[in-house]
Amino acid sequence: MSGRRSAAGRGVAQLVHDFGHQLPAAPVTALRSMQVLPFSSSVGRRGRTGRAAGWAAVPAPLAVYRMTSEQVGGVWPLIAGGGLPPAGALLGIDHLSGGAFSADPIGWTLNGVAGVTNPNMIFFGAPGRGKSGTVKMFALRQMAYGYRTLVLGDVKDEYEPLCQALQVEPHAVGHGLPARINPLDFGPLGNDWTRLPGAEARRRAAMVFARWLLLIRGLVGSQHVPFGPTAETAVGQVIRDLTGYADGADRMREITIPLLWQALRVPSDELVDACRYASTQQFLDETRPLRDALGALVTGHLAGLFDAPTTIAVDWQAPIQSLSLSRLDPLGDEAVGVALTCLNSWGRAMTQLAEPGDLRIIIRDECWKQMRLGAEAVKSLDADLRLSRNDGCIQVVVAHKPSDMLTIGDAGSQAVAIAKDLLHLCATKVLLGQDDQVGDELSQLLGLSPMAERIVTDWAAAARGRALWLVGNHVAKVQTVRTSIDLSLTDTNEAITTPTSAAPGGNQRGQW
Ligand SMILES: Nc1ncnc2c1ncn2[C@@H]1O[C@H](COP(=O)(O)OP(=O)(O)OP(=O)(O)O)[C@@H](O)[C@H]1O
Ligand SMILES: [Mg+2]
């Protein structure tokens, strides 16, 4: 600080002196002593002189340290990074920022927080780590912000307590139960068909047919039958004939998988012609694998579940709707996977044409069962994830580990490329505890730093509900906190710990 008199008047030091005080002298000795400390650089106290070189009018006794971001936490353990904005479902504590952690995927997308470009979320975690629990708490807490939830296939019926707490009865699908779901449902796209202008009717028909084709491709692919352009032409033509679209009917007829199968078994001459086969026999020969694959669905384990018009009425105003599938469990993973594929398609039909501001969370728990069916099933999921930006849905996919998806084809195959792409379609990745081997797998796929990998394999694996959240390019280390309300809704150990549901104080299901 200078005591010189400036051209305009007294300097600060003089002014202070005139009022009987002394300014403290510059801490020359302190600064000198700092220069002998380790890391003190050769940069002068005022910085380097020169254009844009960081010269400062006021000398700053700054020392320069260089280290990797890994080391920073060790050298300055108390410095916290900024957290995410406190919007959306308050889930727990972020141990990296030291603050509360809230999840708001649509808000993140709309505001471009941390480079998030879509609201989709994918959860990975070893069995029993709390994936479903975290998803349930997320859905429940988002309800306060007007979100409604659709559980597309509750394989273990574990969302039932949540539904019952919200006074909603889940729809149970299984043999001997009345619920039927037609995956070839028009959904809301079929509403008021007759009153639609021609161009709009054609646009909607194209959307419906594209979804059906994707489903049939997935179902046929699940029987390990390729679905090439010939099959696609035949199925496309049958769909147009059966719905009445080919005849220009103003009312579209609802079709089912058995109707489609039947039309392929007994092809009309027009169909044979339209598919450019020389004879009916040639048509039958070339489409045999396709018919057999569809036939297996019509007459196989799932017969009577997904092959008749839909009988359940979905209440879109209810806070949650869930389709319980545990009754299919004895039929094996493949059957459950096929059921999930059908529900996937049906769910997409139901959510198309959502009103603006109609916010939904679509949960696909145990989704790996569907992905293991093959490339076509993965493509169907891929299509849903791509659409989420347009229909205002948060798509939540729950899987155990990435290799669940990557085993659908050879390394480098198109199927594996799609499965990997699927990870990138989910801007938010939630990694619950894993063992070291899966940790390496995740690191390779997601490019985790060694520190992030250790959070997954050590910290998150040490307690349930802990996860590394990758939100766009932001990293959070979150312990999801359960409230007393959540305890009974998220407890899936009950089957192991409670001998009978009648045990005193045992089953608290349904309490709110
Ligand atoms: N945030 C949490 N904090 C503490 N415990 C939790 C938390 N979330 C879930 N749990 C407990 O962990 C147990 C397993 O949870 P959950 O069923 O959600 O795991 P999961 O990863 O979905 O398992 P799976 O792969 O078998 O479906 C539950 O019984 C629940 O009591
Ligand atoms: Mg689970």
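## A first look at this chain

The accessible surface of the chain comes to about 24800 Å², and 54% of that belongs to carbon and sulfur atoms (areas come from the Shrake-Rupley method with a 1.4 Å probe; for residues, only the protein chains shown count as cover). This is a predicted model, in which local features need pLDDT of at least 70 and side-chain atom pairs count only at pLDDT 80 or more, while totals for chains, interfaces and linings use all residues. Residues are numbered from 1 along each chain as its sequence is written, and side-chain values use heavy atoms, leaving out hydrogens and water.

**Overall build**

- You will find 21 helices and 11 strands in the chain (DSSP runs numbered from the N terminus: helices are H or I with at least four residues, strands are E with at least two).
- Of the 512 residues, 48% are buried (buried is under 20% relative accessible area, exposed over 50%, partly exposed in between, with a 1.4 Å probe and protein chains only).

- In β9, residues 428–432, five of the five residues are buried.
- In a regular strand, side chains alternate between the two faces of the sheet.
- For β9, T428, V430 and L432 lie on one side and K429 and L431 on the other, and all are buried.
- β9 pairs with β3 (residues 121–124) in the parallel sense over four bridges (pairing takes at least two DSSP bridges between two strands), and here K429 stands opposite I122.
- β9 also pairs with β10 (residues 466–471), in the antiparallel sense over five bridges, with L431 opposite L468.

**Salt bridges**

- The structure holds 13 salt bridges (a side-chain nitrogen of Lys or Arg within 4 Å of a carboxyl oxygen of Asp or Glu).
- One of them joins K156 and E366, at 3.1 Å from N to O.
- This pair links distant parts of the chain, 210 residues apart: K156 is in the loop between β4 and α6, and E366 in the loop between β7 and α14.
- K156 counts as exposed because its relative accessibility is 53%, whereas E366 counts as buried because its value is 7%.
- R360 and D358 meet at 3.2 Å, N to O, and together with R148 they are linked in a network of salt bridges.

**A nonpolar patch**

- Y65, V72, V75 and W76 make a nonpolar surface patch of about 330 Å².
- W76 sits in the loop between α3 and β1, and it counts as partly exposed because its relative accessibility is 35%.
- Patch residues have over 30% relative accessible area and no salt bridge; like charges are joined within 9 Å, nonpolar side chains (Val, Leu, Ile, Met, Phe, Trp, Tyr) within 5 Å.

Methods: Chains are lettered from A and ligands numbered from 1 in the order in which they are written.
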